[in-house]
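Please prepare a short briefing on the aromatic residues of this protein and on the confidence of the model.

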Amino acid sequence: MNEAELIIDDDCQEGVHGGGVFTLTERISYLKQYGRHSMSYSALQPNMSYFDLDGVGYIAYRKQWGTVVCLGDPVCALEKRETIIAAFMAIHKNPVFIQVSADVAQLIHEQTGFYATQFGKESLIDLNAWSVSGKKKQVIRTAVNHAKKENVTVKESYGELSYRHLSDSWLKTRKCKSREIVFLIRPMEMEYKEGTRRFFAYQNDEMIGFIFFDPIYENGQVVGYVPNISRASEKFPQGIFYLLMTQAFEVFKAEGIPYVYLGLSPLSLDYPVKDCESKVLRWMLEFTSKHLNYFYNFKGIEFTKSRFRGVEEPTFAVHKGILPAKDFVSMFRICNVI
C-alpha cells in the first residue's frame, strides 16, 4: 500500500478540523475506535463542521440557510450516544439527522419526539459467507464472465492518476452533469485518505472503471469497507461494477476483513410505515421513488446492490416537522444537487 494512504498529513489539519475542539489526530482516534457507521469516514470530507465532546466523541454536520444537517451516526461509544445527542441539541434546537441507523433514529425519536422517517436502506455483506454461487446471483456471474471474456482485468493501485480523466467523462453522462454530488457521497478527492483502497479495471491497458473503498473501524481495527466512489467508461458500462466488487471482496476476504457495507440505496423503503415516521414525508419519498427516477437513478442503485443479496438494514432521516421541506431543500443544496 502506498505510504501516502497511510500517513496523516498535517497540511490537511485545518480542512478536517471543521471548527471543533479536537485536533485531526484526536478526531481520527475517535473514528478508529467508534467509526462503525458506513458514513463515519465520509464525515471527514471537506467543508464539514463538528460538535466535539471531550472524552465522548463527535457529531459531523453542515449548515445551510440556517438548517443544521447531521451526517450519519454520532462517532462515539454506544452508551454515550444519548449524552452527545442531548448536548448537541441543547445548542442546535432543530437539526436534521440524515442516513442514521435505526437505533440512533429511535433514540432521538424517544428523546425529542422528532419524526424518524425511513430514507432508504443499506446492505451488509458477510465476507465469511460470501460467494457468487446461487440462482439469485446469476446477474453478477454473467456480468463478471462477460467482462473476463473481454479481457478486462482488475488491480489494486495507488499511484494511478488517469482515473481523473475517466471520472470527468463519467460525470458528463450523469443527470447532474456540471457538478459532483457531495455530502451523502463523499467527494472523490479528499485530503485525508488514510486506509482507503482503490481498485481499477483495465481493458487492453485502458482504464475503464474503478471503485474507491473507505475503511469501517471498530475498537481500533478495520472491520469492513464501503465503496464510496465508482466510475465506469461509456465503452464498457455493463458489468464493470460487479467485476470490481467481486475482485475486491476476494482480496478483503483473504485479509480476514469480515464485512463490506454497500452503502445507501436512497428511497428503498420498507412497509408498513412505522408510527415514528412522518406520513406526509413518506408519501413524498414514495412518490419520488416511483415517478422521479429520471431525476436520480434510485431504482438502478437499488437493483444493482440487491444482486449481492446482503442483509438489508433501514436508514433514517430524523426531523422535527411533519413536512421538513426547507430542511430537505437545504440538504439538497449541501449535496450539490441544486
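Buried means under 20% relative accessible area, exposed over 50%, and partly exposed in between (1.4 Å probe, protein chains only). The model is predicted: local features need pLDDT of at least 70, side-chain atom pairs count only at pLDDT 80 or more, and totals for chains, interfaces and linings use all residues. Residues are numbered from 1 along each chain as its sequence is written, and side-chain values use heavy atoms, with hydrogens and water left out.

**Confidence**
- The mean pLDDT (the predictor's confidence in each residue, from 0 to 100) is 89 for the protein, and 91% of the residues score at least 70.
- Over residues 6-16, pLDDT stays under 50.
- Where pLDDT is low, the predicted coordinates should not be read in detail.

**Aromatic pairs**
- Rings of Phe, Tyr and Trp (its six-membered ring) pair if their centres lie within 6.5 Å; planes under 30 degrees apart count as stacked, over 60 as edge-to-face and the rest as tilted.
- The count comes to 27 aromatic pairs.
- One of them is the tilted pair of Phe200 and Tyr202, at 6.5 Å centre to centre with 45° between the planes.
- Phe200 is buried at 0% relative accessible area, and Tyr202 is buried at 10%.
- Trp283 and Phe287 are stacked because their ring centres are 5.5 Å apart and their planes at 20°.
- Trp283 is exposed at 55%, while Phe287 is partly exposed at 37%.
- Trp130, Phe241, Tyr242, Phe249 and Phe308 form one aromatic cluster.

**Charge over rings**
- A charge sits over a ring if NZ of Lys or CZ of Arg is within 6 Å of the ring centre and within 35 degrees of the ring normal.
- Arg27 lies over the face of Tyr50, 3.9 Å from the ring centre.
- Arg27 also lies over the face of Tyr58, at 5.0 Å from the ring centre.

Notes
Contact = heavy atoms within 4.5 Å.
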